Amino acid sequence: MWWADAVVYQVYPRSFQDSDGDGVGDLAGMRSRLDHLAWLGVDALWMSPIYPSPLADFGYDVSDYTAIDPVFGGLAEFDALVKEAHARGLRVLMDVVPCHTSIEHPWFREHPDWYVWRDEPNNWPSAFGGSAWTRRGDRFYLHSFYPEQPDLDWRNPEVVAAMQDVLRFWLARGVDGYRIDAIDRLMKDPELRDEPPAAEPFGLPLTDEEAKLARIHALNAPDTAEALATIRAACGDAFLVGEIYLPSAKWQPYLEHLDAAFAFELLFAPWDAGALRAAIEATTSGPGAAWVMSNHDFGRLATRFGAENARAAALLLLTLPGAAFLYQGDEIGQRDGPPGESRYDRAGRDRYRHPMQWTGDPAAGFTTGTPWLPLVDPWHSNVEAQRDDPASMLSLVRELIALRRTLGDGLRLLDAAPGVLAYERGDHTVAVNTTGDARPAPVGGEVALGTQSAALRDGTLAPHAGVVAAGRG
Ligand code: NOJ
């Protein structure tokens, strides 16, 4: 399977490359940057949604599943992108949003029975705060996310058939798989019962409102796997990676139909050797981990884990066995935008979505117009400056991707000094120092790659350093 150990590069289309000067990235721009992805050595690109959308949730509110939003281009441009990606050996993954549509999708007007309704709200909170129910006429519709995103009723066979058509539509145009959005919200309790109070911790971060309640009725109903089986039936052997907001111990029924699930335990682990080890241990006890440490919802490596740790974080991400997802900009250590006001996203996620920094110019080579979100700091990190610098983060990430191909199978966590995460990957040993002090590392063989020069000296890892060494620990 091509995806078993693949590096998948997440493109946030609005912010990757603009080709027409309107300040918003587009498909022609994406196509013009495929050489960057091929040069970096990734296996595939996943693009966040490019369908027509009123942008209440920046594309995750879809108003037509089988078209391209004009801001990104059209189907001819999409076909050209897929063709050119394939010509470079790059697979293409789309983002499919099956749980909810946009409130402006014609289905909501034409097929109200395709959605979930109740005479009165129950106590389910929406993921973005407040009740998950909004009144329309004399009834209330369910929205697990924003009110502009009504939830589809996956127990209605017409919904299943319509979504299967969508999946087949893009596969027929050549896409190689899907990242499937918000799977945990696909199926709810058929009786829409109130959630009882929480009896045990959920295992992943929740809003205060959500954390008070047991998460047993509003999401992950037992027949979720049946819904996934219908998705698999439409997709053949295309690669399917699920966004399942659950600890990995609960993935099993989902992975009967999906190839992989995002490993949220690692994404949320603080930069601490013990916490990272626990997350990896939990997630690797079963199959199907898709590793991810950054994305358009939670921010980039250099801000999440600290600029001083970004290289070691990339080394960790790219040496774990299984598919690894790299968010655009992380290869140059791009930082998030400043915290504070979010002009577009009501949940405050603008800062994770600023444009890609290709050059050191004020608009960073992203656009000739006014960027929809300002550039963060192109003078500080950009592709052009880092490309020919052997000491750059970009060079490190490229070398890590190449080295990854030679590591071999299997992962064994090793005992190490406090603050040091260490594991055998195939016939190599990886060690990461999560602290600001030099620490001993259980590494014997010759260093194949380090996050910095002299990352390892006399068996001691430099502060914030990581290494991949030949031989077992
Ligand atoms: C997960 C997506 O990554 C996020 O951006 C979106 O807001 C929710 N799902 C709802 O679709």
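1. F305 makes contact with L267, A269, W271, M293 and A313, leaving aside residues up to four places away in sequence. This is a predicted model. F305 sits in the loop between helix 11 (301-304) and helix 12. Its relative accessible area is 6%, so F305 counts as buried. One of its contacts is W271.

2. Helix 10 covers residues 273-284.

3. Which residues of helix 10 are buried? They are A273, L276, A279, I280 and T283. These residues lie on the same side of helix 10, because they cover an arc of only 130° around the axis. The cover over them includes helix 9 (264-268) and helix 12 (310-317). Strand 10 (289-292), strand 12 (411-413) and strand 13 (420-425) are also among the covering elements.

4. The N-terminal end of helix 10 has a cap, D272. A side-chain oxygen of D272 lies 3.1 Å from the backbone nitrogen of G274.

5. D259 is found in the loop between helix 8 (252-255) and strand 9 (260-262). Is D259 buried or exposed? With a relative accessible area of 19%, D259 is buried, because the cut-off is under 20%. Check the polar partners here. The D259 side chain makes a polar contact with the side chain of R232, at 2.9 Å. A polar atom of the D259 side chain also lies 2.9 Å from the backbone nitrogen of L240. Beyond four places in sequence, D259 touches W3, R232, A238, F239, L240 and G288.

6. G23 belongs to the loop between strand 1 (7-11) and helix 1 (27-32). Its relative accessible area is 0%, so G23 is buried. What does G23 touch, not counting residues up to four places away in sequence? The list is D18, F366, T367, T370, P371 and W372. For scale, G23 and I216 are 193 residues apart in sequence, and their C-alpha atoms are 43 Å apart in space.

Key. Residues are numbered from 1 along each chain as its sequence is written. This is a predicted model: local features need pLDDT of at least 70, side-chain atom pairs count only at pLDDT 80 or more; totals for chains, interfaces and linings use all residues. Side-chain values use heavy atoms; hydrogens and water are left out. Helices (H or I, at least four residues) and strands (E, at least two) are DSSP runs, numbered from the N terminus. The expected span of a helix is 1.5 Å times one less than its number of residues. Buried means under 20% relative accessible area, exposed over 50%, partly exposed in between (1.4 Å probe, protein chains only). The arc is that of the directions from the helix axis to the C-beta atoms. Contact means heavy atoms within 4.5 Å. A polar contact is a pair of N or O atoms within 3.5 Å; within protein, one must be able to donate a hydrogen and the other to accept it, and residues adjacent in sequence count only if both atoms are side-chain atoms.
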